[in-house]
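Please view the sequence and the model together before reading on.

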Amino acid sequence: MTALLDINGLTIDIDRDSGPARVVDGIDLSILEGESLGIVGESGCGKSLTMLSLVGLLPNRIRATGGTAHFAGRDLLRLSPAELRKIRGAQIGFIFQDPMTSLNPVMRIGDQIAEALIYQTGLDKPAAMAKAGDLLELVGIPSPRERLMAYPHELSGGMRQRVMIAIGLAGSPRLLIADEPTTALDVTIQAQIVDLVRDLKDRLGMSVVWITHDLALIAGLADRIAVLYAGTVVEDAPVDLIFERPTHPYTRGLLASLPTLTDRPMSRLPSIGGTPPEPGRRPAGCPFAPRCTLAVAACQTEVPRLRPVAGSDPRHRAACFVTAKEGAAA
Ligand SMILES: Nc1ncnc2c1ncn2[C@@H]1O[C@H](COP(=O)(O)OP(=O)(O)OP(=O)(O)O)[C@@H](O)[C@H]1O
Ligand SMILES: [Mg+2]
């Protein structure tokens with residue numbers, strides 16, 4: 001299978017008065033046609049900036065400074081703003097975290113979806129309104145055509161997030177990027193949104209990137225998981241292997257901090273001590289070494305690259321001098 005999106009050695013720097021500070025440090029990621037990729041990692045590790053860089057939406061003073069990101073054969077990092085505008089929405093759709101800030105509160109939702117459709121597809125207003133009703137039906141909103149007339153505040157949080165998904169799908173994108181789209185919702189609604197996106201992915205044959213802090217939530221949707229730490233991919237594997245054979249010490253820490261059914265409600269979760277490096281203050285060697293209980297001398301001086309995990313599936317890779325070869329003798 002060919003990759004729809006292939007990111008190689010992506011670096012992103014923040015332009016500070018004191019000089020550039022690196023936040024994304026050589027990310028390698030690829031997404032196959034029809035595949036769903038979960039991206040996990042703690043706050044500040046560069047998940048959102050990585051995705052925003054693809055469609056030319058990085059904030060002021062933050063720039064992609066190296067690497068390539070081929071999408072359907074073209075390097076997105078080298079396209080003009082006008083070319084990227086054509087790709088946004090039409091080929092790469094986005095869903096963001098908080099529908100209350102992304103939806104216009106004084107505009108009926110039908111008009112908002114129709115606006116996206118007119119922009120993406122050039123439909124006229126009546127055709128766009130009809131299609132907007134179809135999209136609301138597709139994302140599972142009851143009485144979809146009546147709902148076109150509603151304002152955002154008249155819908156529940158989960159329904160608003162479904163409207164955001166409808167807008168994300170308006171241009172029939174080949175890739176849908178969801179950046180923590182359920183964080184503001186309660187747990188049962190989160191699960192419904194995950195199910196909806198999985199169902200839509202299968203029906204529409206698109207690829208999905210789903211960014212989250214929540215490894216357990218993503219398990220039901222993702223074919224593959226990439227674990228980010230301090231602006232690099234530290235592990236990348238089919239979802240089952242992330243749970244059955246977590247290899248990078250950071251991934252193991254993330255899994256250890258998941259609540260299990262046997263935990264007593266008030267028992268404390270084990271967590272990873274320390275904090276990730278600040279942008280621009282990366283240690284010389286492995287960025288996780290200062291927090292890692294397994295670190296050896298090489299970890300302090302050399303940056304480990306993603307490499308196949310010994311004795312595992314060929315698609316399972318981890319960036320660790322110590323654990324990636326653990327299974328070699330077995
Ligand atoms: N507009 C900005 N100006 C300055 N620094 C920024 C800006 N946006 C992000 N950063 C910094 O870049 C780093 C990566 O940010 P990013 O938003 O990609 O993190 P994230 O992994 O999406 O985190 P979260 O899980 O909190 O959304 C962070 O350390 C953050 O402080
Ligand atoms: Mg983010």
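The largest pocket has a volume of about 530 Å³. Here a pocket is an open set of points on a 1 Å grid over the protein atoms alone, with protein on both sides within 12 Å along at least five of seven lines; a volume is the space filled by probe spheres set on the points, which are joined across faces, edges and corners. This is a predicted model, in which local features need pLDDT of at least 70 and side-chain atom pairs count only at pLDDT 80 or more, while totals for chains, interfaces and linings use all residues. Residues are numbered from 1 along each chain as its sequence is written, and side-chain values use heavy atoms, with hydrogens and water left out.

Strand S6 (92–95), helix H4 (109–121) and helix H7 (157–169) each give two or more residues to the lining, and H4 gives the most, with five.

The second largest pocket holds about 310 Å³ of space. Of its 19 lining residues, Glu42, Ser43, Gly44, Cys45 and Gly46 lie nearest the centre. Strand S2 (19–32) and helix H1 (47–54) each supply two or more lining residues; the largest share, three residues, comes from H1.

The structure also holds one cavity of 30 Å³ or more, a cavity being a set of points where a 1.4 Å probe fits but cannot get out. The volume of the largest cavity is about 70 Å³. Its lining comprises 13 residues, with Pro249, Cys286, Cys292, Cys299 and Cys320 nearest the centre.

Conventions:
Chains lettered and ligands numbered in written order. 1 Å grid on protein atoms, 1.4 Å probe; cavity = no way out; pocket = protein on both sides within 12 Å on 5 of 7 lines; lining within 4 Å. Helix = DSSP H or I, 4+ residues; strand = E, 2+ residues; numbered from the N terminus.
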